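The following exercises concern a pair of chains and the ways in which their parts meet. Please study the sequence and the structure before reading each solution.

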Number of protein chains: 2
Amino acid sequence: MSLLGGIEAGGTKFVCAVGSDSGEIAREIRIPTGAPVETMRRVAEFFCSGAMPAAIGIASFGPVELDRSAPDFGSITSTPKRDWRGFNIGGTVREWFRGPVAFETDVNAAALGEHRWGAARGLRTFLYVTVGTGIGGGAMVEGALLHGRAHPEMGHIRVPHDRARDSFAGACPYHADCLEGLASGQAIERRWGAPAEIIADDHPAWKLEADYLALACANWTYSFSPQRIILGGGVMRAHLFPLIRTRTAELLAGYMATPDIVEPALGIRAGVLGAIALASDQIRPR
Amino acid sequence: MSLLGGIEAGGTKFVCAVGSDSGEIAREIRIPTGAPVETMRRVAEFFCSGAMPAAIGIASFGPVELDRSAPDFGSITSTPKRDWRGFNIGGTVREWFRGPVAFETDVNAAALGEHRWGAARGLRTFLYVTVGTGIGGGAMVEGALLHGRAHPEMGHIRVPHDRARDSFAGACPYHADCLEGLASGQAIERRWGAPAEIIADDHPAWKLEADYLALACANWTYSFSPQRIILGGGVMRAHLFPLIRTRTAELLAGYMATPDIVEPALGIRAGVLGAIALASDQIRPR
């Protein structure tokens, strides 16, 4: 059995793990995201301090360059984090690692992790959406991870914004009141003056949040006809799910069946386990 | 070389054709959509009056049952046309035709036709959207036609509706002001009191129409990252394309590259040629 390496490269922390292709993690580290060179030095240190894995998968924040034929394959192309802009994460791993390296978006990797070991086992068409500081979505469609021309940026779809009910102008620097601008952790914090983590479950913030996420789930249901939508990320809480399910069904209005809307089975490990699944596919493609 | 049959089953007309797997049509008929039994009798008559094809593809209006294991596979499940509701189109073809029969949504079939012989040759991820009496969309994603749980109903996504600019409440019987409710041929006719065909090119109807379709193209771009979006159907006109392209680019705001937004290369034959492509795949799967 091969050892596999996974790197979840996030905007606030990197999670590195060594595990097996049954999804068990042998050792793991969390590294706060600092300057790129220093952060990647600590990543290298983690892997080089134990038995080297046979392959490494990287699940990266982005937008990223996923085209293997592009000169900047493995790079972060544009991000508000200025020192990471244009930085080649995949390339720095190849400096010290001689085995195969896979590179994916964080959300597609999490989708793959949930497909292999979590809430999407046996499914062919489903979405994995993370609602945190920002909002991002990955998709498996008819058994293949969706890349398209580059990769989706599902968090930036526009949904109806009823300004009479919600006068907040939106937090997205590109689009103001796109979904991310209205429903991300950042939007919640700016609208209500408090971070999502400390807002009580009975605060009206949550019904509004559920209604925006339901609009998105309905739009994605019409567009993809997914078997399931997995909603993860730091903003999601158990009590949001029934609100989102009910409102999504109302919006679909019987025209289509409401897909399952569920929590990730792998929880906060979906990303790093997805990275390990990517590594596994490098050794033994499925 | 095998003869192939195609049936484009539409709400206003059926187009039947016999052609080759290079996309050439040998003979063709248009049948106004009447009562189901009489319409299907005329379909049978067309095919039985010449050399029988080796396989037949059906590109159907819907919603339809595409699951081969379902008892009502090949049926229209729900439609405002009451006498077609629950009618099994695929089943009636099997009554007189012994060869393989393929059954798809009209929009997925048109997508396949454009992929084989038209504006999507060589692409892996693209959308085919028709804007006519209603709005529907098909998709190929990473080389496979998207079905998901059932099939998408892309026309029913919700987009921002600025009531100060457009006070029309929307024409969709299920969702009022979803995309179809705001931008279909039916919506145009009810909003402006005249069918789209007779509205002059310089009428403000068209800028509004382009803006709604651009909102949809932007949302689908964020969700699918498509290489191309093909816009067909009776409402589309050449002068709409530059308006839609410009507005979509504005909405994407540089966050993602704007996909090509183009007319179908097969024009009004995309559906029936897609049905022939489906038939071709029954004989020689690709």
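**Exercise 1. The interface between the chains**

Solution. The model is a predicted one.

Step 1. A salt bridge would require a side-chain nitrogen of Lys or Arg within 4 Å of a carboxyl oxygen of Asp or Glu.

Step 2. Turn to the polar contacts: 30 residue pairs, both at pLDDT 80 or more, are in polar contact across the interface of chain A and chain B.

Step 3. Identify the elements involved. Strand 8 (144-145), helix 6 (205-224) and helix 7 (240-252) of chain A each give two or more residues to the side that touches chain B. Helix 6 of chain A gives the most, with 6 residues.

Step 4. Sort that side by class: the side of chain A that touches chain B has 24 nonpolar, 11 polar and 5 charged residues.

Step 5. Consider the extent of the contact. 40 residues of chain A are in contact with 40 residues of chain B. The area buried between the chains is about 3,300 Å², and carbon and sulfur atoms give 59% of this area. Arg149(A), Arg158(A) and Tyr255(A) supply 22% of the area that chain A buries against chain B, more than any other three residues.

**Exercise 2. The symmetry of the pair**

Which rotation superposes chain A on chain B?

Solution. 

Step 1. Two copies of a chain are related by a rotation about an axis and a shift along it.

Step 2. Here a rotation of 180°, with 0.0 Å of shift along its axis, superposes chain A on chain B with an RMSD of 0.0 Å. That is the relation of a two-fold axis. In chain A, the C-alpha of Pro160(A) is the nearest to the axis, at 2.0 Å.

Step 3. Compare the two surfaces: 100% of the interface residues of chain A are also interface residues in chain B, so the copies meet through the same surface.

**Exercise 3. Two domains in one chain**

Into which domains is chain A divided? Describe how they meet.

Solution. 

Step 1. Chain A is divided into domain 1 (4-105 + 273-283) and domain 2 (119-264). Taken over C-alpha atoms, the centres of these domains of chain A are 26 Å apart.

Step 2. The contact takes 5 residues from each of domain 1 and domain 2 of chain A. Together these two domains bury about 430 Å², with 58% of it on carbon and sulfur atoms.

Step 3. On the side of domain 1 of chain A, Pro63(A), Leu66(A) and Glu104(A) lose the most area to domain 2, together 59% of what that side buries. By class, this side has 3 nonpolar, 1 polar and 1 charged residues.

Step 4. The count of salt bridges between the two domains of chain A is 0, while 2 residue pairs, both at pLDDT 80 or more, are in polar contact.

**Exercise 4. Backbone geometry**

Is the peptide bond from Gly62(A) to Pro63(A) cis or trans?

Solution. 

Step 1. Most residues other than glycine have a negative phi, and most peptide bonds are trans.

Step 2. The bond from Gly62(A) to Pro63(A) is cis, with omega near 10°. Pro63(A) is found in the loop between strand 4 (55-60) and helix 2 (89-96) of chain A.

Step 3. In chain B, the bond from Gly62(B) to Pro63(B) is cis, with omega near 10°.

Step 4. Glu142(A), although not a glycine, has a positive phi of about 50°. Glu142(A) lies in the loop between strand 7 (135-141) and strand 8 of chain A.

Note on methods: Residues are numbered from 1 along each chain as its sequence is written. Chains are lettered from A and ligands numbered from 1 in the order in which they are written. This is a predicted model: local features need pLDDT of at least 70, side-chain atom pairs count only at pLDDT 80 or more; totals for chains, interfaces and linings use all residues. Side-chain values use heavy atoms; hydrogens and water are left out. Copies are superposed by least squares on the C-alpha atoms of residues with pLDDT of at least 70 in both. Contact means heavy atoms within 4.5 Å. Domain bounds come from an automatic or database domain assignment. Buried area is the accessible area (1.4 Å probe) that two parts lose on being put together, summed over both. A polar contact is a pair of N or O atoms within 3.5 Å; within protein, one must be able to donate a hydrogen and the other to accept it, and residues adjacent in sequence count only if both atoms are side-chain atoms. Ala, Val, Leu, Ile, Met, Phe, Trp, Tyr, Cys and Pro count as nonpolar, Asp, Glu, Lys and Arg as charged, and the others, Gly among them, as polar. Helices (H or I, at least four residues) and strands (E, at least two) are DSSP runs, numbered from the N terminus.
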